[in-house]
Amino acid sequence: MLADYHVHSGFSDDSSYPLRQVALDAERLNLDEVCFTEHVDYGVKPEWNQPDTARFEDGRPVTNCPYIPYLDELGRVRDELEGRVTVRAGLELGVQTTTIRENHALACCLGDRLDFVICSVHQVGDLEFWNGAFQEGRTQEEIHRAYYEELLGVVECFRDYSVLGHLDLIRRYDPFARETGPYPFGRVRDLVAEILRRVIEDGKGIEVNTSGIRYGLGDFQPAREVLELYRDLGGTVVTVGSDSHRPEHLGSYLRRAYRELEGLGFAGVWTFSRGAGTLVRF
Ligand SMILES: [Zn+2]
Ligand SMILES: [Zn+2]
């Protein structure tokens, strides 16, 4: 069984890969399931039907996923490819402690039109990691602590998700790592354990995001030590996704992630339908 549970299409602001083509390519790659997880980042992007306040990139407004056109198109593609590849509807919510209300309202509004929701932290205080605004003026320790404290604040109040996305994302955006090496996991271990305990208590899961290999981090996100900690705390719910935005990313390193999870003692990976998870054993 191969299921890519983190896939972006042209319905995300940072991809131009047509959704139908992604699904056709997933079939060609012999994936059994593809779950679309389009971007929503309240606080830094306006809604798709209010693009007048958006900044423009490459001639198009940067907005949240256009939910309704997205779900309508996905429904058509799902019907067309039925019996060939399973197509699931998801979102990747970039949640901040300051935007929990909007994210909750969206999840309620879309209800069971969504199969799966990834909760990620992509920005803190509306300052983005990808452009360095969040890191500006902070030490390495401050960057890492602020990231995990934000994530903890989010999981303490937010329940409308299936799994946490790329839990140690900040490793990818640590400007100090090149000179001083990666920030030692031991210094944030307690914070990460507190986050994971809450995830387990709430019946949620985490994802293994394979893009860390593409980005040269030498490991998945989260890294093996986080997966071990999650397992030791009793965590069992894990999805695997490529975080694909382009054809060459789709389905990448899924098998490698399954092997690592199996080696760590996880029973299988999970798939989701209308928010309900199913374990698919290795
Ligand atoms: Zn993400
Ligand atoms: Zn993503």
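In strand 9, valine 163 is the bridge partner of isoleucine 118. Strand 6 and strand 9 run parallel and are joined by 2 bridges. Helices (H or I, at least four residues) and strands (E, at least two) are DSSP runs, numbered from the N terminus. Two strands pair if DSSP finds at least two bridges between them.

The model is predicted: local features need pLDDT of at least 70, side-chain atom pairs count only at pLDDT 80 or more, and totals for chains, interfaces and linings use all residues. Residues are numbered from 1 along each chain as its sequence is written, chains are lettered from A and ligands numbered from 1 in the order in which they are written, and side-chain values use heavy atoms, with hydrogens and water left out.

Strand 11 pairs with strand 10 (residues 205-209) in the parallel sense, over 4 bridges. Glycine 241 in strand 11 is the bridge partner of asparagine 209. In a regular strand the side chains alternate between the two faces of the sheet. Strand 11 has Val238 and Val240 pointing one way, and Thr239 and Gly241 the other way. All four are buried. Buried means under 20% relative accessible area, exposed over 50%, and partly exposed in between, with a 1.4 Å probe and protein chains only.

Histidine 122 lies in the loop between strand 6 (116-120) and strand 7 (123-124), and histidine 166 lies in the loop between strand 9 (163-164) and helix 5 (177-180). This pair links distant parts of the chain, 44 residues apart. Both histidine 122 and histidine 166 are buried. Donors are N, O and S atoms within 2.8 Å of the metal (3.2 Å for Na, K and Ca); water is not among the atoms, so sites may look incomplete.

The zinc ion (ligand 2) is coordinated by His6 (NE2), His8 (NE2), Glu92 (OE) and Asp243 (OD), at 2.1 to 2.3 Å. Their spacing in sequence is H-x1-H-x83-E-x150-D. Histidine 6 is buried, at 0% relative accessible area. Histidine 8 is also buried, at 0%. Glutamate 92 bridges the two zinc ions, ligand 1 and ligand 2, which lie 3.5 Å apart.

Helix 1 (residues 19-28) has Leu19, Val22, Ala23, Asp25 and Ala26 buried. These residues lie on the same side of helix 1, because they cover an arc of only 160° around the axis. The arc is that of the directions from the helix axis to the C-beta atoms. Their cover includes strand 1 (3-7), strand 2 (33-40), helix 2 (67-80) and strand 5 (86-94). Asparagine 30 follows helix 1 and has a positive phi, near 65°.

The largest nonpolar core has 86 residues. A nonpolar core is a set of buried Ala, Val, Leu, Ile, Met, Phe, Trp, Tyr and Cys residues joined through side-chain atoms within 4.5 Å. Leu91 and Leu164 have the most contacts inside this core. Helix 4 (residues 140-157) gives the most to the core, with 8 residues.

Threonine 99 lies in the loop between strand 5 and helix 3 (100-110). Threonine 99 is buried, with a relative accessible area of 3%. Neighbours within four places in sequence aside, threonine 99 is in contact (heavy atoms within 4.5 Å) with Tyr42, Gly43 and Gly94.

Most residues other than glycine have a negative phi, and most peptide bonds are trans. The peptide bond from glutamine 221 to proline 222 is cis, with omega near 5°. Proline 222 sits in the loop between helix 7 (211-214) and helix 8 (224-232). Tyrosine 253 has a positive phi, near 65°, and is partly exposed at 34% relative accessibility. Arginine 274 also has a positive phi, near 50°. Arginine 274 lies in the loop between strand 12 (268-273) and strand 13 (276-281), and is exposed at 58% relative accessibility.
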